[in-house]
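Look over the structure, then read on.

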Amino acid sequence: NHNHNHNHNHNTGAAYHASANRQIVQRRNELLRQKREARQKALEKDRRRNLRLRELFHEENGHRKESSSFETGGPPMFAVKVVTCPALRAELKMNGREKRGRMFVERPALFDQLLCNGDEDGGESSFRGVDLNESSNDEIEDFDDLEATNTSYACLSVKALKQTIHEFFRRLKKSTYVLSASLPLLDEQGNVLPHPENDEETETMTGTWKVETDEDVQRAFVEAERFFLRQQQQQQQTDDDSSSASSSTMKRPTLILHVTKDPDAPPPPPPPPYLANLPDPQISPTMTMLSFYSFPPDTGIPSPESTAEQLKRLWRPFRALGRIYVAREGINAQMAVPTNVLPNFLECCTLPAERGGELAEVLGEYMENGMNVDPIPVPMEEFRVNPAFRNLHVRVRSQIVADGLETPLDWQSAGYDMPPLEWHRRLKEAREVREKMERQRKEREGNESEEQNEEPLPPLPPLPIVLDCRNNYETQVGKFELAEPLDTVNFRDSWDVLKERLKDVSKDAPIMTYCTGGIR
């Protein structure tokens with residue numbers, strides 16, 4: 001009956017974890033599906049935006065062929081030249097296009113109301129913006145592909161303007177900045193001049209407006225359109241006064257948008273100590289293999305999903321590869337790390353929180369027997385030909401050790417973790433005591449007369465039971481002296497073998513076990 005119950009519990013545990021792992025995989029696949037859909041949605045949005053801009057270009061060119069100026073309504077779009085300050089360029093390592101790029105912004109029909117507001121009330125000094133939250137449906141019925149009435153057009157709201165900036169200049173998402181706007185500088189032919197390197201000098205020359213509210217955004221684009229229309233009128237007057245007509249070089253309203261690092265933003269946190277002076281892991285001549293288990297006490301790992309993402313984020317700078325399992329009970333890692341950054345990697349895993357570490361609560365002192373580091377690195381040429389790992393895979397599982405048990409073991413109540421030197425000393429001492437007593441017994445057996453007068457010798461002390469808990473293919477490579485292999489294929493097979501082997505062994509008999517990493 002006991003054997004039957006044991007097998008039943010074993011089968012139930014295996015089925016439970018198989019079902020739990022399937023659920024975890026389903027959740028991960030669902031998250032991946034959602035990410036793919038989000039990427040597809042973003043790509044589709046970019047495609048529709050680019051298609052709309054092409055339509056506006058054609059519309060603009062067609063209008064320009066029919067008329068040299070926009071007499072009714074306004075131009076279909078604005079050109080915005082984005083200029084980032086030197087501090088942001090250096091901080092974000094921006095390329096040439098990102099330092100000084102150009103984007104195009106659609107002009108909605110509702111924009112005519114902004115021009116009228118300023119004209120009716122006396123021009124610039126009495127500019128009144130449009131509150132899109134209070135606009136009626138009739139006022140916005142001409143909006144094309146309207147996703148949100150107050151955020152669809154970059155020339156009408158701060159939120160939409162920043163979204164458009166991030167679509168063209170993605171690195172700016174990673175920084176806190178302030179916006180200001182100015183009108184372009186033109187040469188004698190009406191060409192927009194490049195923005196000078198000295199941002200402060202240009203802002204002093206041209207005048208700038210802070211862009212902090214929706215009304216600031218609307219004002220900036222209204223001024224850009226008025227500037228453009230004035231240039232059109234001046235060009236028309238020049239053409240009327242001359243014998244030959246010419247078209248204005250300025251094709252559309254243009255706004256200079258200054259992106260400046262926010263002076264009031266808190267400074268970015270300093271890099272953790274283990275990333276200071278980090279060597280380039282890509283030039284490491286060797287890879288070092290390592291492995292570890294971690295079993296945090298009490299609550300274990302409250303959120304395996306968050307911890308998995310944290311491990312990927314923190315280990316990315318080291319170019320580490322491997323297969324890592326994360327569960328509520330702990331972490332199981334088999335990894336390859338570029339040798340030239342190995343000290344930094346080890347510090348990342350063990351640095352206390354008060355010194356800038358982030359993994360002390362899940363790794364650090366909770367790594368079972370520390371971290372097992374192979375003392376012989378693998379040459380990079382050999383590793384590339386036959387890599388142990390090709391990527392860094394961090395997976396969430398229902399358990400990190402496939403023991404087949406439904407209820408996790410209490411890892412804090414495990415046996416004594418014997419250091420290697422003590423292990424060898426204990427085995428040596430046990431052998432020496434047994435060999436000494438065997439010699440004494442043989443000597444006494446050789447002297448029968450003395451044997452009759454002396455008390456009988458005590459029984460020989462038993463040698464420790466030494467169990468090799470590794471799988472059979474590992475045992476075939478070699479084993480310790482006196483070791484008895486369990487000869488299992490999987491860890492979950494160990495329980496039946498142990499039950500049979502130890503059924504007649506006293507509870508206080510010395511038992512020494514070993515495996516590859518120390519968990520079994």
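Q: How much of the accessible surface of the protein belongs to carbon and sulfur atoms?
A: This is a predicted model. The accessible surface comes to about 30800 Å². The part that belongs to carbon and sulfur atoms is 49%.

Q: What share of the residues is buried?
A: Buried here means under 20% relative accessible area. The protein has 520 residues. Of these, the buried ones make up 38%.

Q: Which element gives the largest share of the largest nonpolar core?
A: This core holds 41 residues, and Met 103, Leu 161, Ile 165, Leu 172 and Phe 221 touch the most other members. Elements that give two or more residues include helix H1 (2-66), strand E2 (100-106), helix H5 (158-168) and helix H7 (214-241). The largest share is seven residues, and it comes from H7.

Q: Which element gives the most to the lining of the largest pocket?
A: The largest pocket has a volume of about 1200 Å³. Among the residues closest to its centre are Tyr 416, Thr 513 and Tyr 514. Helix H11 (420-446), helix H14 (494-501) and strand E14 (511-514) each give two or more residues to the lining. With four residues, the one that gives the most is E14.

Q: Where does the largest share of the lining of the second largest pocket come from?
A: About 1000 Å³ of space lies in this pocket. Its lining has 37 residues, with Tyr 293, Asn 332, Gln 334, Ile 400 and Arg 520 the closest to the centre. The largest share, five residues, comes from H1.

Terms used: Residues are numbered from 1 along each chain as its sequence is written. This is a predicted model: local features need pLDDT of at least 70, side-chain atom pairs count only at pLDDT 80 or more; totals for chains, interfaces and linings use all residues. Side-chain values use heavy atoms; hydrogens and water are left out. A nonpolar core is a set of buried Ala, Val, Leu, Ile, Met, Phe, Trp, Tyr and Cys residues joined through side-chain atoms within 4.5 Å. Buried means under 20% relative accessible area, exposed over 50%, partly exposed in between (1.4 Å probe, protein chains only). Accessible areas come from the Shrake-Rupley method with a 1.4 Å probe; for residues, only the protein chains shown count as cover. On a 1 Å grid over the protein atoms alone, a cavity is a set of points where a 1.4 Å probe fits but cannot get out, and a pocket is an open set with protein on both sides within 12 Å along at least five of seven lines; lining residues have an atom within 4 Å of a point. Grid points are joined across faces, edges and corners, and a volume is the space filled by probe spheres set on the points.
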